[in-house]
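Below are my notes, in the order I looked things up.

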Amino acid sequence: MLNAWPLLLSLAQVCAYLDLSPATFRKVCPVPAVALGVAVARWNRNQIDEWVNTLPPEKQAARRGEAVPARPYDVATEAAEARRTAAVQKIRDRQNARHER
């Protein structure tokens, strides 16, 4: 059977695909969106799958109540957040420029 999910997923679709809320998805996913135009962003399902396959399995120590070491600093996550913040600011600047006319 062919995969029922499209290759490029909207935010709602990628959140449903991963069973995450949009806020959680934005916090944990380092995969950047593909910009298809003004305010149209999609996530490549293959890249999402690759990222998910790199995640470690749940630690047995966590199940036993033992301390689990924190994940190392993730440069990709910070870069993705910086891109998202810059995109939001760009949209706000455009809206402000329209209102000033």
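How many aromatic pairs does the structure hold? I found two aromatic pairs. I count rings of Phe, Tyr and Trp (its six-membered ring) as a pair if their centres lie within 6.5 Å; planes under 30 degrees apart are stacked, over 60 edge-to-face, and the rest tilted.

I looked at Trp-5 and Tyr-17. Their ring centres are 5.1 Å apart and their planes are at 70°, so I put this pair down as edge-to-face. Trp-5 sits in the segment before β1 (8–9) and Tyr-17 in helix α1 (residues 11–18), so the pair ties together parts that are 12 residues apart in sequence. Trp-5 is partly exposed at 32% relative accessible area, and Tyr-17 is partly exposed at 23%. My cut-offs here are under 20% relative accessible area for buried, over 50% for exposed, and partly exposed in between (1.4 Å probe, protein chains only).

Next came Phe-25 and Trp-43, which form an edge-to-face pair with 5.3 Å centre to centre and 85° between the planes. This pair links distant parts of the chain, with Phe-25 in helix α2 (residues 22–28) and Trp-43 in strand β3 (residues 40–44), 18 residues apart. Phe-25 is buried at 2% relative accessible area, and Trp-43 is buried at 11%.

A note on where this comes from: the model is predicted, so local features need pLDDT of at least 70 and side-chain atom pairs count only at pLDDT 80 or more, while totals for chains, interfaces and linings use all residues. Residues are numbered from 1 along each chain as its sequence is written, and side-chain values use heavy atoms, with hydrogens and water left out.

I then stepped back to the overall layout. The protein has five helices and three strands, and from the N terminus on the order is β-α-α-β-β-α-α-α. Helices (H or I, at least four residues) and strands (E, at least two) are DSSP runs, numbered from the N terminus. Buried residues make up 15% of the 101 residues.

Which residues make up the largest nonpolar core? I listed nine: Leu-9, Val-14, Cys-15, Phe-25, Cys-29, Val-31, Trp-43, Ile-48 and Trp-51. The elements giving two or more residues to this core are α1 and α3. By nonpolar core I mean a set of buried Ala, Val, Leu, Ile, Met, Phe, Trp, Tyr and Cys residues joined through side-chain atoms within 4.5 Å.

I went back to Trp-43 for its contacts (heavy atoms within 4.5 Å). Leaving aside neighbours within four places in sequence, Trp-43 touches residues including Leu-7, Val-14, Phe-25, Pro-32 and Ile-48.

Arg-45 is buried yet has no salt bridge, and the nearest side chain of opposite charge, Asp-49, is 4.3 Å away. A salt bridge needs a side-chain nitrogen of Lys or Arg within 4 Å of a carboxyl oxygen of Asp or Glu. I did find a polar atom of the Arg-45 side chain 3.1 Å from the backbone oxygen of Pro-6.

Last, I checked phi. Most residues other than glycine have a negative phi. Asp-19 has a positive phi, near 60°, and lies in the loop between α1 and α2. Ala-39 also has a positive phi near 60°, in the loop between β2 (34–37) and β3. Asp-19 is exposed at 68% relative accessibility, and Ala-39 is exposed at 74%.

Conventions
Lys and Arg count as positive and Asp and Glu as negative; His and the chain ends are not counted. A polar contact is a pair of N or O atoms within 3.5 Å; within protein, one must be able to donate a hydrogen and the other to accept it, and residues adjacent in sequence count only if both atoms are side-chain atoms.
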